[in-house]
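Please keep the structure open while reading.

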Amino acid sequence: MTEPMTIRARLAAPVATVRRALTDPAELRVWLAEHAEVELPRRYAFWGRYTPEGDAPHQRLLHVDDRTLRFAWTLDGVETTTEFELEPDGDGTILTLRQSHFSFEEAMSGSSIRGVLQTYWYLALANLNDHLDGRPLLPRTDFTSADLRGELLIDAPMDKVWTSLTDSEQAGAWFGYPIGIEPWEGGRYAMGGFDAGQAAKVFDVTPGRGLSIDWGPTGVTSWELDESEGRTKLTFVQSGFDEGNPPYGAWTGIVSGFAELRRFHEVPDWRPIWLTDEVPA
C-alpha cells in the first residue's frame, strides 16, 4: 500500500533564493541531478546517474508559481506526483515536500525503485540546504553503480566526532531518531533504541577511529576517521550486499544523516533543519 509522504525542512535562504535553486537548471545540476532542463512554465526535467531510473527524463510539469512547484514523475511504470511548497520563515524558508506513491514495504524489500523516494528526498534536501549555506555537498547516490562509498570533512577534533558517532544520546540527536549503540566487538546497533527489538551487530572496532555494523541482507556499513589538517575525515562504505539489488534506500539514508552530523559539530547553537516527524530510514 502506498502512502503520501511529507517532509518539511527549514532552509538557510529566503524564498526567492530557494525558488531559484529549485528551478535554475545550473543550480539543479549542483545539488540534485547530473542533468537538468527547465523551461517554465512548460518543462521541468532532471535525470542521470544520481536520479532513480535516470536513464532519461521522466518528469512532466503540472504547476508552477512563486511558491509552488509540482510535477509528475514516472517511476517503475507508475506516475507519481512531487510537490515543493515554500513559506517565508524570517530570513529563511520552510520547504514542504509532498511525494505520492511511497511505500514503506517497498522501501524495506527493495521490490521497486519507488522505495528509495523517502531517503532520496532527505539527501537531496540536505544537499540543497548545504548548497544554499555554501557548504560542500554530501556524496549523491549513484543509482548506476554498486560501489557505495563516500567521505566528508568535519571541522571538529576526531575524538569529538567519534563520541557523536558512538554515543547513543548524541547519535540520536543529530540523526533525529533514537539509536542504541554498544560500540564494542559484538555490541548492538539498534535503530529505534534497544527496546525496539531487532538490532544490527557491531564488529571490527578500532576505538576512536572506526567500526563496522552488520545489517544482514543490506550488508555491512563501515566507517573510519582520520585527521586532516585540523579537521576529521569520515570515510564510509557499504559492502557485502547483493550487487544485483544494491540497498540504495538504506545507503542514501545513512549519507543524508551525515549532513546533520556535520552541522551538529560546525553550526553554533545547532538545531536540525527537519521539521517533520519523518526521518531518514
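In this predicted model, strand β5, residues 68-75, pairs with strand β6, residues 78-89, in the antiparallel sense over 8 bridges. Within that pairing, L75 has V78 of β6 as its bridge partner. The hairpin of β5 and β6 has 2 residues between the strands, and D76 takes a positive phi near 55° there.

Strand β6 is also joined by 8 bridges to strand β7, residues 92-102, and these two strands run antiparallel. Here the bridge partner of F84 is L97 in β7. The hairpin that β6 and β7 form has 2 residues between them, and G90 in its turn has a positive phi of about 65°.

| Strand pair | Residues | Bridges |
|---|---|---|
| β5 and β6 | 68-75 and 78-89 | 8 bridges |
| β6 and β7 | β7: 92-102 | 8 bridges |
| β9 and β10 | β10: 188-191 | 3 bridges |

An open sheet is formed by 7 strands in the order β8-β14-β13-β12-β11-β10-β9, with antiparallel pairing. Strands β8 (148-154) and β9 (179-181) stand at the edges with a single partner strand each, so one side of each is left without a neighbour in the sheet. From one strand to the next, the twist averages 20°. At the β9 edge, β9 pairs with β10 in the antiparallel sense over 3 bridges, and I179 has M191 of β10 as its bridge partner.

Two helices are described against these strands. Helix α5, residues 158-166, lies across β8, β9, β11, β12, β13 and β14, and runs at about 160° to β13. Helix α7 packs on the sheet as well, touching β8, β13 and β14, and its direction makes about 5° with that of β8.

How do α4 and α7 pack, and at what angle? Helix α4, residues 117-133, and helix α7, residues 248-266, pack at an angle of about 30°, with their axes 8 Å apart. Since angles under 35 degrees count as roughly parallel, α4 and α7 are therefore roughly parallel to each other. The crossing in which α4 passes α7 is left-handed.

On the α4 side, the residues T119, Y120, Y122, L123, A126, N129 and D130 meet G249, T252, G253, V255, S256, A259, R262 and R263 of α7. The residues of this contact divide into 6 nonpolar, 6 polar and 3 charged.

Definitions and conventions: Residues numbered from 1 in each chain as written. Predicted model: local features only at pLDDT ≥ 70, side-chain atom pairs only at ≥ 80, totals over all residues. Heavy atoms only, no water. Axes fitted to C-alpha atoms, helices over the stretch in contact; angles between N-to-C directions. Helix = DSSP H or I, 4+ residues; strand = E, 2+ residues; numbered from the N terminus. Parallel < 35°, antiparallel > 145°, perpendicular 65-115°, else oblique. Left-handed = near helix turned anticlockwise from the far one by under 90°. Contact = heavy atoms within 4.5 Å. Nonpolar A, V, L, I, M, F, W, Y, C, P; charged D, E, K, R; others polar. Pairing = 2+ DSSP bridges.
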